[in-house]
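User: Hi! I've just opened this one and I'm new to it. Could you walk me through a few things?

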Amino acid sequence: MRGRSIQCNLVELTQYIAETLDKLPQTQVNVIHTDLQKTFDKVNHALLIDKIRAFGFGDSLVALCKSYMRNRKQYVVYKGFRSRIYYCPSGVIQGSNLGPFFFLVFINDVSSAFRHSSCLLYADDLKIYRVIKSDTDTAMLQSDLCVLTNWCNVNLLPLNAGKCKANDL
């Protein structure tokens, strides 16, 4: 979206934390920063087609999307050497016109999975956050993290645990 960026996402989170701590000085806000592993490369085409269909697009548009993804081939060039051509059963074509649309359709439902926490999503950057006043709040945040893990498993998009961080503010 024009005029939106990861910085806007971070400013929105920072504003929320500052306002919350001003109103409730004896509380904390827990924030989980996630990183999905090679997200753009791992979008499963069959799951993507199911999500496009679930959005309510007509059969002819779904067939066109299937055709666009079917039998995609690519190769890698490194220091003048070219790899063999191989088929790509997953991924969205970065730099293409439809790539961002396909990616957004694929990942958009992750935010509706959380019942107890808030989240901010910008491309594949997901922050989950919740005000923590008690052990119950911590359990609710953990419940939403379990939901995220399940969503990742169902959608075949693993988390990059080495890049995921938690902050207590």
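User: Is Arg53 buried, exposed or something in between, and which class does it count as?

Analyst: Arg53 counts as partly exposed, at 38% relative accessibility. Keep in mind that this is a predicted model.

User: Which residue does Arg53 form a salt bridge with?

Analyst: That would be Asp50. The closest N and O atoms of the two are 3.6 Å apart, and a salt bridge here needs them within 4 Å. Asp50 is partly exposed as well, with a relative accessible area of 45%.

User: Where do Asp50 and Arg53 sit relative to each other?

Analyst: Both are in helix α3, which covers residues 45-54. Because they are three residues apart there, about one helical turn separates them.

User: Why would such side chains pair at all?

Analyst: In general, side chains of opposite charge can pair when their charged atoms come close.

User: How many salt bridges does the structure hold?

Analyst: Four. Among them is the one between Asp125 and Lys127, with 2.6 Å from N to O. Another links Asp137 to Arg130, where the closest N and O atoms are 2.8 Å apart.

User: Are Asp137 and Arg130 buried or exposed?

Analyst: Both of them are buried. Lys127 is buried too, with a relative accessible area of 3%.

User: Let's zoom out. How many helices and strands are there?

Analyst: The protein has six helices and eight strands. Starting at the N terminus, the order is α-β-α-α-α-β-β-β-β-α-β-β-α-β.

User: And what does the C-alpha trace span?

Analyst: About 60 × 45 × 30 Å along its principal axes. There are 169 residues in the protein, and buried ones make up 34% of them.

User: Which residues form the nonpolar patch on the surface?

Analyst: The patch consists of Phe55, Phe57, Leu61, Leu64, Tyr68, Ile93, Leu98 and Phe101. Together they have about 670 Å² of accessible area.

User: Which helix gives the most to it?

Analyst: Helix α4, residues 59-69, with three residues. Leu61 lies in that helix, and Leu61 counts as partly exposed at 34% relative accessibility.

User: What about Ser60, buried or exposed?

Analyst: Exposed, at 63% relative accessibility. Ser60 is also found in helix α4. If you want a sense of distance, the C-alpha atoms of Ser60 and Leu145 are separated by 37 Å, and these two are 85 residues apart along the chain.

User: New topic: the strands. How many bridges join β6 to β7?

Analyst: Five bridges join them, and the two strands run antiparallel. Strand β6 covers residues 118-122, while β7 covers residues 125-132. Ser118 stands opposite Tyr129 in β7.

User: What's going on in the hairpin between those strands?

Analyst: Two residues lie between the strands, and Ala123 in this hairpin takes a positive phi near 55 degrees.

User: Why point that out?

Analyst: Because most residues other than glycine have a negative phi. Asn71 is another residue with a positive value, its phi being near 55 degrees. Leu156 also has a positive phi, of about 55 degrees, although it is not a glycine.

User: Where are Asn71 and Leu156?

Analyst: Asn71 is in the loop between α4 and β2 (73-74), while Leu156 lies in the loop between α6 (135-154) and β8 (165-168). Asn71 counts as exposed at 54% relative accessibility, whereas Leu156 counts as partly exposed at 47%.

Key. Residues numbered from 1 in each chain as written. Predicted model: local features only at pLDDT ≥ 70, side-chain atom pairs only at ≥ 80, totals over all residues. Heavy atoms only, no water. Salt bridge = Lys/Arg side-chain N within 4 Å of Asp/Glu carboxyl O. Helix = DSSP H or I, 4+ residues; strand = E, 2+ residues; numbered from the N terminus. Buried < 20%, exposed > 50% of the residue type's maximum accessible area, 1.4 Å probe, protein only. Patch = residues over 30% accessible without salt bridge, like charges linked within 9 Å, V, L, I, M, F, W, Y side chains within 5 Å. Areas by Shrake-Rupley, 256 points an atom, 1.4 Å probe, with all protein chains shown as cover. Pairing = 2+ DSSP bridges.
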